Amino acid sequence: MNYTYILRCADGTFYTGWTTDLTRRVRIHNAGRGAKFTRARLPVEVVYHEVFETKREAMQREARIKQMTRAEKAALIAAAEDNRTGERV
């Protein structure tokens, strides 16, 4: 499987990426060996993710999310959180 994900960094910023192993990738970020952006903003936590069959789909979704404003990303995260808790969006 392929994952597109959004991390919330310790300073409140968002980082978007893609991976084939989400758990491993978050561990790498938190070990300071991930993206340069996240190294100075540790720890990070996954606040959103999507699953895709192909690398191409995951990378395309990553690109679309990276074009979003912070407010749009926050709304995407909030909607996913509401869906997990059973609330209607």
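This is a stop-by-stop tour of a predicted model.

**Stop 1: the hairpin**

Select strand β1, residues 2-9, and strand β2, residues 14-19. The two strands run antiparallel, and six bridges join them. Pick T4 and look across: its bridge partner in β2 is W18. Now move to the turn. β1 and β2 form a hairpin with four residues between them. Click G12 in that turn, where phi is positive, at about 90°. Then colour β2 by accessibility. Five of its six residues are buried, so β2 is largely enclosed by the rest of the structure.

**Stop 2**

The structure holds two aromatic pairs.

Take Y5 with Y15. Their ring centres are 6.4 Å apart and their planes stand at 45°, so this pair is tilted. Y5 belongs to β1 and Y15 to β2, so the pair ties together parts that are ten residues apart in sequence. Buried or exposed? Both Y5 and Y15 are buried.

Next, take Y15 with F37. Here the ring centres are 6.1 Å apart and the planes at 25°, so the pair is stacked. F37 sits in helix α2, residues 36-39, while Y15 is in β2, so this pair ties together parts that are 22 residues apart in sequence.

Y15 has 16% relative accessibility and counts as buried, because the cut-off for buried is under 20%. F37 has a relative accessible area of 32% and is partly exposed.

Which residues does Y15 touch, leaving aside its neighbours within four places in sequence? They are Y5, I6, L7, C9, H29, A35, F37 and T38.

**Stop 3: the nonpolar cores**

In soluble globular proteins, nonpolar side chains tend to be buried together. To see it here, select Y3, Y5, L7, C9, Y15, L22, V26, A35 and V44. These nine residues make up the largest nonpolar core. Which elements give two or more residues to this core? They are β1 and α1, the latter spanning 22-30. The largest share, four residues, comes from β1.

Now switch to another group. A second, separate core has eight residues, including I6, F14, I65 and L76. R70 lies over the face of F14, at 4.3 Å from the ring centre.

**Stop 4: R41 and its two partners**

The charged end of R41 sits over the F37 ring, 3.8 Å from its centre. R41 and D11 form a salt bridge, with their closest N and O atoms 3.2 Å apart. This bridge links distant parts of the chain. R41 is in the loop between α2 and β3 (44-52), D11 is in the loop between β1 and β2, and the two are 30 residues apart. Each of them is partly exposed: R41 has 24% relative accessibility, and D11 has 46%.

Slide along to P43, which is in the loop between α2 and β3. A cis peptide bond joins L42 and P43, with omega at about -5°.

**Stop 5**

How many salt bridges does the structure hold? There are four. The one between R41 and D11 has been visited; two others involve helix α3.

Select R61 and E50. Their side chains meet in a salt bridge, 2.9 Å from N to O. R61 lies in helix α3, residues 55-66, and E50 in strand β3, so the pair ties together parts that are eleven residues apart in sequence. Both R61 and E50 are buried.

Finish with E62 and K66. Their salt bridge brings the closest N and O atoms to 3.1 Å. Both residues lie in helix α3, four residues apart, about one turn of the helix.

Technical notes
Residues numbered from 1 in each chain as written. Predicted model: local features only at pLDDT ≥ 70, side-chain atom pairs only at ≥ 80, totals over all residues. Heavy atoms only, no water. Phe/Tyr/Trp six-rings, centres within 6.5 Å; stacked < 30°, edge-to-face > 60°. Buried < 20%, exposed > 50% of the residue type's maximum accessible area, 1.4 Å probe, protein only. Lys NZ or Arg CZ within 6 Å of the ring centre and 35° of its normal. Core = buried A, V, L, I, M, F, W, Y, C linked by side-chain atoms within 4.5 Å. Contact = heavy atoms within 4.5 Å. Pairing = 2+ DSSP bridges.
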